[in-house]
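Please work through the following exercises with the sequence and coordinates at hand. Each task is followed by a solution in steps.

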Amino acid sequence: MPHPSEEQLLRYSDGELPGRNASHVHSHLKACWQCRTNVEEIEKTVGACVRYRTTVLQRHLPAPPEPWTDIYRSFAEIDATLPAPTFADRLKQALAWPVHNPKKWVPVAVALMLAWGLFYRYRVTPSVQAAELLHKAILASDSRPATPHLLRIRTKVSSITRRAGSGQALASNAQDRETLNSLKTLFQDAHYNWDDPLSARSYSAWRDQLSAKRDQVQEERDSYRIRTDAGSGDLLDASLQLRSQDLQPIEGRFEFRNTDWVEITALPEEASPMASALPPTPENRTAPPVEAAPANNAAPLLPAPAIGDELQVLAALHEIGADLGDPVEVSRNDYNIVVSGIGIAPERQAEIQKAVAPLPNVVIRFSESAPTAVAPQTVTPENPAGGDLRQLQTRIAEQMGGRTRYDELAAHVLDMSEPLMSRAYALRRLMERFPAQVESQLSPQDLRTLRRLQQEHTAALRQQTVELERTLKPALKSVGGSSRASRELSSDSWQPATEDLFQSARRVEKLLAVVFGAAAPDDSANTELPAQLLSAVTDLRAKVEAYDHLLAKTER
């Protein structure tokens, strides 16, 4: 370090330097003769001053004429001679204090006003605006005639169309009914009206029952968006978009505690594939129907699309990966095959249109209203695990070299489960579309196409399962996890075997979420979770291989 200044050396000698600076100066003095000599000279000078004061100055100064008086006692005597102030005098003095001391109270008052303004702006004002908007929307809804309207309900894995006030999906099948029943239970547990979920009245009734909530009101182009953070309960966050022209709800998004989300969009009546039996307009068709001509000049109509035509559309979508999570629905009626979707990016719409354009009898319907754009949240979910599971996670983290490594592994395996489940859901959708009685109607060429789709999904699923097993084994075996003997498929027919395979994949997904803190555990012992997870992955891998052999047998 550079030589300390004379002031620093003087303060060091007096013991007035802060601890760190004094330590630096002390270390410097040990190695610097010059500074050490300067300190000695300073100490000699101070010593001479002290000796002069004690031996010379104090001896020759005269004694004080009298001792110092207590000035505070004099002030008290003066106050005692004054008359006691009246209430009016004290009030006048209190009122005069702010006038004579503005520097003391003005900053405090300004800070309090700013704090109240921020609180009102970000907590009170949005709640008032949300309540007022919902009230106006309810009044506007009551002034309109009550007519059933179509709703498009989209989740992570499915998209269903139903009418408000009805639990029945249009052109429903067993899977649609099962999905709607599970959604109904989800909304009822959250005390939200499932009969008409996309309405201001239902949203307001749910919002009013919340004890602690935070509202946000955003004015967007041609609409208002109300978002409510519940903070607790089964339904954690919900938003409702109102059209500014008539305050009609057009869209809603609901996020639940179990990480499920539901998006509901109002559709025009003609947006449903089964809403009308009339053929669609020619401009949306790749092969438009021939309009009925007079009886004396009749032209034959195009034949109704067959199940094989629908399979070709599914194969075309498969080639561009649109059967792995894109919100695309394919349905068939007496006139055409309808490919519909909501909230698909324009670039993706162009890819889908290009893929199905060469196929006959195809109608493409994309909704102009996109679903709510919610920024991805990177908030770490609360770990609902009990003490045993937290201890298990701590042991895994210790074996892996720290919590950071554990968090990286958790994020990696949970990300791996998403494409794995996309393949499992794709196989299940093929099973639902092509039960045994429908499969028997396929031509040999269509059967080969169906087997190709199944085998490609199965190959990808097998690779993802092997990679997941290879990633999990080192971490879980170190804490006592061991795989057990796997079970065979439940049937020699590929349709029941597909459901068996899907349920095994779902079990792996649930156990991954529990072990790595994304979901609450069930009643089973937490100490057995590593073994259960490894056994479930091994079981899934064995069933994927058996399923692949089963498809090869059916192809022969």
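The exercises below concern a predicted model and treat salt bridges, a pocket and a loop residue.

**Exercise 1.** Determine which residue forms a salt bridge with E310, and state where the two partners lie.

*Solution.* Step 1: the partner is R433, and the closest N and O atoms of the pair are 2.4 Å apart. Step 2: R433 belongs to helix α12 (residues 403-433) and E310 to helix α9 (residues 307-319), so the contact ties together parts that are 123 residues apart in sequence. Step 3: buried means under 20% relative accessible area. E310, with 6%, is therefore buried, whereas R433, with 28%, is partly exposed.

**Exercise 2.** Identify the partner of R452 in a salt bridge and classify the accessibility of both residues.

*Solution.* Step 1: R452 pairs with E319, with 2.8 Å between the closest N and O atoms. Step 2: R452 is in helix α14 (residues 444-477) and E319 in helix α9, so this pair links distant parts of the chain, 133 residues apart. Step 3: exposed means over 50% relative accessible area. E319, at 53%, therefore counts as exposed, while R452, at 30%, counts as partly exposed.

**Exercise 3.** Decide whether R207 and D215, which meet in a salt bridge, are buried or exposed.

*Solution.* Step 1: the side chains of R207 and D215 meet at 2.9 Å, N to O. Step 2: R207 has a relative accessibility of 5% and is buried. Step 3: D215 has a relative accessible area of 5% and is buried as well. For context, a search of the whole structure finds 25 salt bridges.

**Exercise 4.** Describe the second largest pocket by its volume and its lining.

*Solution.* Step 1: the space in this pocket amounts to about 440 Å³. Step 2: the lining has 17 residues, and those closest to the centre are S141, T147, H149, D196 and Q248. Step 3: helices α6 (102-143) and α8 (200-208) each supply at least two lining residues, and α6 gives the most, with four. Step 4: by class, the lining holds eight nonpolar, five polar and four charged residues.

**Exercise 5.** Locate G517 and compare its separation from Q393 in sequence and in space.

*Solution.* Step 1: G517 is in the loop between α15 (494-515) and α16 (529-555). Step 2: its relative accessible area is 10%, so G517 is buried. Step 3: G517 and Q393 are 124 residues apart in sequence, and their C-alpha atoms are 8.4 Å apart in space.

Note on methods. Residues are numbered from 1 along each chain as its sequence is written. This is a predicted model: local features need pLDDT of at least 70, side-chain atom pairs count only at pLDDT 80 or more; totals for chains, interfaces and linings use all residues. Side-chain values use heavy atoms; hydrogens and water are left out. Buried means under 20% relative accessible area, exposed over 50%, partly exposed in between (1.4 Å probe, protein chains only). On a 1 Å grid over the protein atoms alone, a cavity is a set of points where a 1.4 Å probe fits but cannot get out, and a pocket is an open set with protein on both sides within 12 Å along at least five of seven lines; lining residues have an atom within 4 Å of a point. Grid points are joined across faces, edges and corners, and a volume is the space filled by probe spheres set on the points. Ala, Val, Leu, Ile, Met, Phe, Trp, Tyr, Cys and Pro count as nonpolar, Asp, Glu, Lys and Arg as charged, and the others, Gly among them, as polar. A salt bridge is a side-chain nitrogen of Lys or Arg within 4 Å of a carboxyl oxygen of Asp or Glu.
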